[in-house]
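This report describes the fold of one protein chain and some contacts between its side chains. The sequence and the model are shown first.

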Amino acid sequence: MGARLERLWSQLAAFFLAQPPARRVAIGAVGLLSMAAVLGLAWWAQRPLYRPLFTNLSERDASAIVEALKAEKVPFELEDGGRAVLVPAEHQYELRLTLASRGLPEGGGVGFEIFDKQTLGQTDFLQRLNYQRALQGELGRTIGQLGGVEAARVHLALPERSLFVAEDRRPSASVVVKLVQGRTLSAAQIDGIVHLVAASVEGLQPEAVTVVDEAGRILTSDRRGAEAAGTSNAPLEIQQSVERGAEERIESMLGAIVGRDKVVARVAASLDFSRVERTEETYDPDRTAVRTQHTTREETIGAKTPGGAPGVQANLTNDPAAAAGPEGPKSERRDESQSYEVSKVVSRTVAPVGAVKQLSVAVLIDGTYSEGEGGKRVFNARPSDEMDRLRELVKSAVGFSESRGDKIEVASVPFQSEPPPVAEGTLGPLSRWAPAMVTRLLGVVFAAAMLLYVVRPVVLGVAARLPAAPGGRGALGGMDAAVAQLTQENLALTQQHPERAAQLVREWLRVGGPEA
């Protein structure tokens with residue numbers, strides 16, 4: 001076998017030296033490029049596939065995770081400016097569980113796990129300080145889970161309790177939120193953050209909580225100022241809610257008739273947010289009632305008065321001349337008063353805030369399509385009677401009122417069709433094993449191409465330059481037949497065992513070439 005290989009090597013060298021200089025340069029360049037391609041493919045095939053372990057990490061968490069990976073001697077890569085850590089795919093879930101058991105990532109701050117390690121000799125001041133740090137960290141983690149918030153930090157000011165009420169100071173808090181790019185916090189979310197922090201700290205009032213974004217804008221001052229001035233975003237939210245509800249009712253109703261993606265509805269509502277209070281007093285003259293009654297009665301009967309001549313003799317009792325005078329007059333007085341109350345009804349009416357003043361509704365409905373010349377789609381508008389029926393349905397859905405001056409416009413227009421979205425559920429499983437499968441297929445294809453377009457032409461060229469055997473052309477034809485049969489057998493083995501063929505090529509590259 002060794003002598004045969006030496007003879008083959010000498011024939012290859014003679015064949016190469018017999019070529020013109022330009023062809024020898026081309027053969028050498030092709031050989032070097034082929035070798036570089038094989039080495040690059042082998043390196044790429046053996047390179048592990050990296051997957052994200054954690055993303056959107058803080059600098060502190062990223063540093064701790066990198067140190068843990070270095071201690072475990074696990075290869076990793078950093079992306080997104082060090083905020084994303086990538087590890088080999090086969091160790092992704094195992095490393096997540098391992099780091100979670102160590103409390104990583106911490107979420108940008110320490111939580112109540114600080115009390116997992118107790119040390120002797122801690123003072124009361126250190127205990128209170130650790131509790132404050134843990135509470136700040138836990139609140140920051142909770143706020144960071146809200147929608148639109150990328151990260152959050154909480155600072156608490158917890159003064160010591162005083163025995164004197166006049167010197168007792170109330171706690172306060174400040175929250176710094178980092179929002180996701182392009183997102184903003186609504187008034188309800190800001191109120192939620194304020195009340196969350198206030199309810200988590202004993203004695204903390206919502207008025208003592210300040211929320212600031214990453215740009216330094218105070219979010220709670222605008223909210224409180226609007227409430228103090230009697231204005232807020234509530235009217236706008238109510239208007240948007242009314243419009244959104246009407247649009248959903250229209251689209252869901254008409255979508256069941258003409259198709260879910262063939263209806264677009266937009267509603268503009270004008271609401272009355274003025275607060276009206278009305279008090280009415282109604283009197284009924286036909287219905288009266290006695291309210292008070294007062295009666296006074298005086299009666300005088302005449303009295304007997306003494307008579308006779310004046311003097312001493314008249315005052316003597318034994319004087320027969322004394323005689324009784326006539327009786328006086330008799331008088332009587334009576335006074336009565338009555339007051340009547342007329343029936344009265346007092347009613348107080350408060351008009352609801354946000355009453356609908358006017359509605360403007362616009363509905364676009366896609367028509368039907370037919371196949372025209374050349375296979376093109378031709379748009380056909382919906383009949384007028386069908387549009388009238390749909391318009392009446394829209395009026396009933398939104399509560400149309402002519403007295404308010406509501407406006408409704410329903411039109412049939414062609415919609416621009418878009419290609420259906422690719423199902424993510426189908427590509428999800430493929431993305432897991434597709435890279436490894438593609439790598440193996442590329443290795444097999446490259447090995448087959450090397451055999452067909454590099455090895456086979458060289459072997460055929462060497463065989464054509466061999467000296468003629470005693471059999472003349474018959475011997476040369478037998479050599480060609482043998483080489484062709486060998487090539488076909490190699491191709492068949494490569495197709496049957498692609499992984500072993502790729503492994504054989506890599507082994508050749510590692511040892512420097514095939515050996516007997």
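In what follows, two residues are in contact when heavy atoms of theirs lie within 4.5 Å. The structure discussed here is a predicted model.

**The chain as a whole**

The chain contains 13 helices and 15 strands. It has 516 residues, of which 21% count as buried. Among contacts with a separation of 6 or more, 69% join residues 24 or more positions apart. The chain exposes about 36300 Å², and carbon and sulfur atoms supply 56% of this area.

**Helix α5**

Helix α5 covers residues 124–144. Its 21 residues should span 30 Å at 1.5 Å a residue, and the C-alpha atoms at its ends are 30 Å apart, which agrees. The buried residues of α5 include Asn 130, Gln 132, Ala 134, Leu 135 and Ile 143. Among the elements that cover the buried residues of this helix are the strands β4 (149–157) and β5 (172–179), together with helix α6 (187–200).

**Salt bridges**

The model has a count of 10 salt bridges. The table lists some of them.

| Salt bridge | N to O distance |
|---|---|
| Arg 266 and Glu 251 | 3.6 Å |
| Arg 391 and Asp 388 | 3.0 Å |

What does the salt bridge of Arg 266 and Glu 251 tie together? Arg 266 forms a salt bridge with Glu 251. Arg 266 lies in strand β7 (residues 263–272) and Glu 251 in helix α8 (residues 234–258), so the pair ties together parts that are 15 residues apart in sequence. Glu 251 is partly exposed, with a relative accessible area of 29%.

Arg 391 and Asp 388 both belong to helix α10 (residues 384–398), where they stand three residues apart, about one helical turn. An α-helix has 3.6 residues a turn, so residues three or four places apart point the same way. Arg 391 is partly exposed at 22% relative accessible area, and Asp 388 is partly exposed at 43%.

**A loop residue**

Lys 73 is placed in the loop between α3 (59–72) and β2 (77–79). Its phi is near 60°, a positive value in a residue other than glycine. Is Lys 73 buried or exposed? With 75% relative accessibility, Lys 73 counts as exposed, because the cut-off for that class is over 50%.

Technical notes: Residues numbered from 1 in each chain as written. Predicted model: local features only at pLDDT ≥ 70, side-chain atom pairs only at ≥ 80, totals over all residues. Heavy atoms only, no water. Helix = DSSP H or I, 4+ residues; strand = E, 2+ residues; numbered from the N terminus. Buried < 20%, exposed > 50% of the residue type's maximum accessible area, 1.4 Å probe, protein only. Areas by Shrake-Rupley, 256 points an atom, 1.4 Å probe, with all protein chains shown as cover. Expected span 1.5 Å × (residues − 1). Salt bridge = Lys/Arg side-chain N within 4 Å of Asp/Glu carboxyl O.
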